[in-house]
Amino acid sequence: MSMLSKGQTAAGGVAGDEEPPDTGAATSGSAQAGEAAEDHGARHRLTTITGLAALSLDAMASVAYGPEAIVLVLAAAGAHGLGFTLPVTLAIAALLAVLVASYRQVIAAFPDGGGSYAVAKAHLGRRTSLVAAASLVLDYVLNVAVAVTAGVAALTSAFPELYDARLWLCLGVLVLITGVNLRGIVDSARAFIVPTAVFILSICALIVVGLFRSAPVSTEASAGHASVLADDATTVGALLLLKAFASGCSALTGVEAIANAVPAFRAPAVRRAQRAEVALGAILGVMLIGLSILISRFHLEPVEGVTVLAQLADASLGHNWAFYLVQFATMALLALSANTSFGGLPVLLKLLSRDNYLPHVFGLKADRQVHRHGVLTLAGVSALLLVFSGGDTNTLVPLFAIGVFVGFTIAQTGMVRHWRAQRGPGWRGKALLNGFGAVLTGVSAVVVTATKFHDGAWLIVVALPLLVVCFELVHRAYGRIGEALGLGRVPEAPHRDRSLVVVPVSGLSRLTCEALTAAASLGDEVLAVTVTHPDPEDRESAALLRRDWELWNPGVELLELPSPTRTVGRPVASFVRELGARHPGTRITVLIPEVEPAHVWQRLLQNQRGAVVAHAVRRDTDAVICRLRFRLSVRG
């Protein structure tokens, strides 16, 4: 047989998000309609500014815990160890620059999105690409849970009376973010522009004002809190610096999100996404370095119960309204930084579904360019994590950031292979840059996993290969389905079989008449069946139906299917199965008449008998099922 194009997928659908075009519907106005549809789609896509607001919140919010993670590790070496805060941060900023430069190239080379998954698929093989995809999925899901719990933790720190309700507050924030994203990524970006701008401006103001101060203007926030600083060490070992570097690299989570969601940008999508990536790197780098300079300038010591960022705001701006503005802006951005996952993960799930590694339902889009099933799945899994952790950030943090480092390493390694294959001008320098970044992120991944293994990171080590196995199982299932359907091969010419239509009935009405009329239009022969029960009341009803049927005389035979139990679906399915055995060359259709009520609430009044019959016939036979909807026009 001759082969068909590869646009078909294993579920019998067409690859991509759109329905196949109706080739017979072309008119003289099709060009104008296409332009109108394109303009409508563009309104629901991101610009550079809205892309920064929608996809960079994770990275932006990381300045609230990235410098603190460095300080807490170096505090083990006392004040002498804290002196290395700025050098470690500069090393992280250098890695940030490498990642931004790399992901700019990823955006250009893979404009369909997917980030490390797309890079690995093209240059490192199928299995490695699935590892990259699994690491991204885990990171995105954990990011939502960590972001929401961290934001609520900031709120409960300001209002301790809300602490016992933190789980419900987390779930409420998750519902809010999910609802905004179901309206479209552009609407979510617009909603988050203001809190993002307030946070960036407040942190920048904190840094600028602090640079003009020679000493802290206030230490009220840390007063009365115990210091976690250890005694001074004579030397600071390389292992401690490496651990501080790995912990501080948590500030780099979210850098890859823009490259994963390039299709969400307005044309020219590549250029806009690259600009957003550079802007993200510049803003994040400035904030990280600026905060680290202030930590060294003010000789800040970490204390229990007060964040490093709160101490910096207190020291730079004073314990006044500006201090609380920074705190509330941080709280809001931490909670909303979960939106990065809602912007990136649905696009990744779409790509996986297109490659038959996830159900194809993840490739469908709603009117507002929303991958609704991806958004709802992310929300559901995140809600389970929140319930599992009880809304406690510390339970989830050990699981965080491992996946993103794995993705970083795979993407960088894949880009080295990309430049070697391209061999364009300056390819050696680009490959060297990506190779250096791969070494740094690979070492960070190993160190983070090793240091946090007993704190819960082992769950990620177990979950990542399990997720890869799930991808493989789905892919094999689609392969078997495609083989059974004969996808990629020209099928035999269609032919007409003799057809027999079975209509289940329970009484006489307009619905019965409509059903028999439709059945007579569909088949060569029509049979009406009714299920009878041995109870006296049911026998009387069956006798009345038989009498009325003979008086009506529709020209269709009514057969009674006795059933010793109260079931309805199984007797019909058994009869259809017997018909198929008696008439092997006949195409059997079961037409199930059902009422479509005028109001949604009226569906509660129905007995759902049609759904029961349809389920039994679908489960036990190969018959075609046709559900006839009779719309009621009665209002009120």
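In the predicted model, helix H6 passes helix H11 in a right-handed crossing, a crossing being right-handed if the near helix is turned clockwise from the far one by less than a right angle. Helices are DSSP runs (H or I, at least four residues) and strands likewise (E, at least two), numbered from the N terminus. H6 (residues 85-109) and H11 (residues 238-248) pack at about 50°, with their axes 10 Å apart, the axes being lines fitted to C-alpha atoms over the stretch in contact, with angles from 0 to 180 degrees between N-to-C directions. Val-88, Ala-91, Ile-92 and Leu-95 of H6 meet Leu-241, Ala-244, Phe-245 and Gly-248 of H11, where contact means heavy atoms within 4.5 Å.

Most residues other than glycine have a negative phi, and most peptide bonds are trans. A cis peptide bond, with omega of about -5°, joins Ala-267 and Pro-268, and Pro-268 lies in the loop between helix H12 (257-260) and helix H13 (269-297). His-299, in the loop between H13 and helix H14 (308-317), has a positive phi of about 50° and is exposed at 64% relative accessibility, exposed meaning over 50% relative accessible area (1.4 Å probe, protein chains only). Asn-553, in the loop between helix H23 (536-552) and strand S3 (557-562), has a positive phi near 50° and is exposed at 59%.

Residues are numbered from 1 along each chain as its sequence is written. In this predicted model, local features need pLDDT of at least 70, side-chain atom pairs count only at pLDDT 80 or more, and totals for chains, interfaces and linings use all residues, while side-chain values use heavy atoms, without hydrogens and water.

Technical notes:
Buried means under 20% relative accessible area, exposed over 50%, partly exposed in between (1.4 Å probe, protein chains only).
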